[in-house]
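Subject: Structure handover

Hello,

Here is the structure I said I would pass on. My notes on the sheet and the pocket follow below.

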Amino acid sequence: MLEQWRYVHNTVVPPAAMSPSQARVRRERYRLENAYAGDVLVGCSTVRPPVGEERVATVIARVLPEFRRRGFGTVIYGNALDRARALGAGVVETCVLAADGDGLRFAVRRGFVEVERYVLDGEREEWVDLRLRVERAGG
């Protein structure tokens with residue numbers, strides 16, 4: 001399961017590609033799930049459990065490029081959002097590689113608004129943090 005999750009992650013966000021050991025650390029801290037169409041891997045999700053006073057959870061849905069625009073992202077995102085809410089999320093955020101136009105459009109269509117753009121120390125790729133609008137976060 002973890003190697004398939006890592007494959008999708010590394011394919012969708014190559015600048016943040018991770019090693020097997022890095023993926024194991026993620027599995028210990030976050031909720032990782034794979035998505036399939038029958039037996040075929042189509043995507044994955046990450047849910048970072050709520051933290052802080054606002055109970056901010058991060059939900060990330062990834063779909064392999066060859067399976068986009070078929071509804072898989074909607075299902076993956078919906079399941080991850082349900083998981084975050086079950087964990088007690090008060091606020092939901094997501095993070096998208098700025099160069100991933102499909103991912104940014106997907107997030108905006110689901111009610112996310114951009115809150116920050118940044119480049120990690122020592123890196124070149126720009127990332128975008130988005131927050132689900134309050135009226136959408138509750139239901």
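How many residues lie between β1 and β2 in their hairpin? There are 2, and Gly38 in the turn has a positive phi of about 65 degrees. Helices (H or I, at least four residues) and strands (E, at least two) are DSSP runs, numbered from the N terminus.

This is a predicted model, in which local features need pLDDT of at least 70 and side-chain atom pairs count only at pLDDT 80 or more, while totals for chains, interfaces and linings use all residues. Residues are numbered from 1 along each chain as its sequence is written, and side-chain values use heavy atoms, without hydrogens and water.

The sheet: β1 (residues 31–37) and β2 (residues 40–51) pair in the antiparallel sense over 7 bridges; two strands pair if DSSP finds at least two bridges between them. Ala35 is opposite Gly43 in β2. The whole is an open sheet of 6 strands with mixed pairing, in the order β1-β2-β3-β4-β6-β5. Its edge strands, β1 and β5, each pair on one side only. β3 and β4 are joined in the parallel sense by 3 bridges, with Val56 partnered by Val91 in β4.

The lining: seven elements each supply at least two residues to the lining of the largest pocket, namely α1 (2–12), β3 (56–63), α3 (72–86), β4 (91–97), α4 (101–109), β5 (112–119) and β6 (126–132). A pocket here is an open set of points on a 1 Å grid over the protein atoms alone, where a 1.4 Å probe fits, with protein on both sides within 12 Å along at least five of seven lines; lining residues have an atom within 4 Å of a point.

Regards
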